[in-house]
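Hi,

Here is the structure I promised to pass on.

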Amino acid sequence: MGTSALVVTDLHVTYPGEVRAVRGVSLQIAAGETLALVGESGCGKTTVLRTVLGLLPAGSAVSGSVLVAGTEVVGASTGTLRTLRGLGVGYVPQEPFAAFDPVRRVGHHLAEAWRVHGRRPAAGELVRALEEHGIPEPADRLRQWPHQWSGGMLQRATIAAATAHRPPLVVADEPTSALDADRADAVLADLRRSSPSLLLVSHDLSLVARHADRMAVCYAGQVVETGVAAEVLAAPRHPYTRALVAAVPQPGSGRLPEPLAGSPPRLGAELAGCAFAPRCRWREDGCDDQTPPMTGGLACWVVGRG
Ligand SMILES: Nc1ncnc2c1ncn2[C@@H]1O[C@H](COP(=O)(O)OP(=O)(O)OP(=O)(O)O)[C@@H](O)[C@H]1O
């Protein structure tokens with residue numbers, strides 16, 4: 001078997017101010033695979049992504065291991081991380097308009113993917129990059145300003161920049177949340193086609209169902225369930241995953257969405273027991289005592305036993 005695109009082992013990240021955003025996350029992405037990281041706002045998805053990119057704010061405490069195509073990110077030098085970004089891992093941001101400098105032409109932004117590595121794109125390389133992502137009349141388009149492009153086209157240009165050097169892994173943080181459903185599907189299809197392996201952060205479970213091979217469900221900085229995306233979504237096992245799925249409207253099913261009551265724990269303190277227990281309808285005595293271990297893709301004292 002070849003080297004995995006990403007192996008995260010027992011990752012802990014604490015931001016300055018004692019915010020324990022990630023608490024013992026382990027993940028693996030095989031070559032060719034798309035893994036979706038899902039969960040409510042604040043559960044630590046972006047923090048995992050920032051760690052993979054080596055872009056945590058100064059003063060953050062990190063332990064564990066993050067191997068990107070075999071290269072250790074945790075504790076790596078600034079130089080190693082700079083080389084890794086773009087060559088080892090490409091990044092697609094959430095908001096394409098925010099990613100582009102409004103007073104620079106699109107071609108300038110795209111060329112930056114080469115400049116950061118001390119290179120200059122060869123003649124025709126920028127045009128080819130846009131062509132590969134279905135941008136019509138790329139030579140003319142390169143000379144345009146970001147505001148002359150649609151959000152979907154700009155997001156294809158960020159994908160072109162992220163994959164310019166064919167990195168083995170691409171990470172994308174809610175890459176289609178600013179797009180309508182049709183454009184979102186087209187952009188996701190483009191992203192998957194051009195990414196050898198993909199870590200996709202998304203809160204949109206229907207998008208995950210259509211585009212991810214596997215998924216990991218995150219709650220309060222921990223992974224509580226992981227598995228084949230279609231199987232997890234069709235038959236969620238963890239009480240939190242069940243609640244997430246039940247909260248999604250299913251047009252035509254005759255079933256009303258059930259919003260998840262309560263809020264996640266504050267991330268300042270050590271958590272005792274299962275972090276989801278205070279919101280869990282299956283909670284039993286003992287759930288608060290110890291954190292359930294991840295066994296067979298599930299971290300739950302009650303469901304895991306049954
Ligand atoms: N620079 C920072 N300093 C301190 N706390 C931070 C910092 N960045 C994020 N946090 C906190 O860390 C926790 C995890 O944030 P993170 O952005 O990883 O969550 P998320 O699941 O990606 O949320 P969202 O879907 O809203 O982006 C949150 O409580 C957040 O407020």
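Two bits of housekeeping: residues are numbered from 1 along each chain as its sequence is written. This is a predicted model, so local features need pLDDT of at least 70 and side-chain atom pairs count only at pLDDT 80 or more, while totals for chains, interfaces and linings use all residues.

Let's begin with helix α8, residues 181-194. A184, V187, L188, L191 and S194 are buried in α8, where buried means 20 or more other C-beta atoms within 10 Å of a residue's own, exposed means 12 or fewer, partly exposed is in between, and C-beta atoms are placed from the backbone. Looking down the axis of α8, these buried residues fall within an arc of 140°, so they line one face of the helix; the arc is that of the directions from the helix axis to the C-beta atoms. On the face turned away from the buried side you'll find D182, A189 and R193, which are exposed. The buried residues of α8 pack against β6 (89-92), α7 (151-162), β7 (169-173), β8 (198-201) and α9 (205-211), with contact meaning C-beta atoms, placed from the backbone, within 7 Å.

Next, the core. The largest nonpolar core has 84 residues, and L35, V52, L169, L199, M215 and V217 touch the most other members. Such a core is a set of buried Ala, Val, Leu, Ile, Met, Phe, Trp, Tyr and Cys residues joined through C-beta atoms within 7 Å. Helix α7 gives the most to this core, with seven residues.

A loop to check: G32 sits between β2 (19-29) and β3 (34-38). G32 counts as exposed because it has 12 C-beta neighbours inside 10 Å.

Finally, the ligand. It is surrounded by 14 residues, the closest being Y15, A21, S41, T46 and T47; a residue is near if its C-beta atom, placed from the backbone, lies within 6 Å. β2 and α1 (45-53) are the elements that give two or more residues to this shell, and α1 gives the most, with three.

Cheers

How values were computed. Helices (H or I, at least four residues) and strands (E, at least two) are DSSP runs, numbered from the N terminus. The expected span of a helix is 1.5 Å times one less than its number of residues. Two residues are in contact if their C-beta atoms, placed from the backbone, lie within 7 Å.
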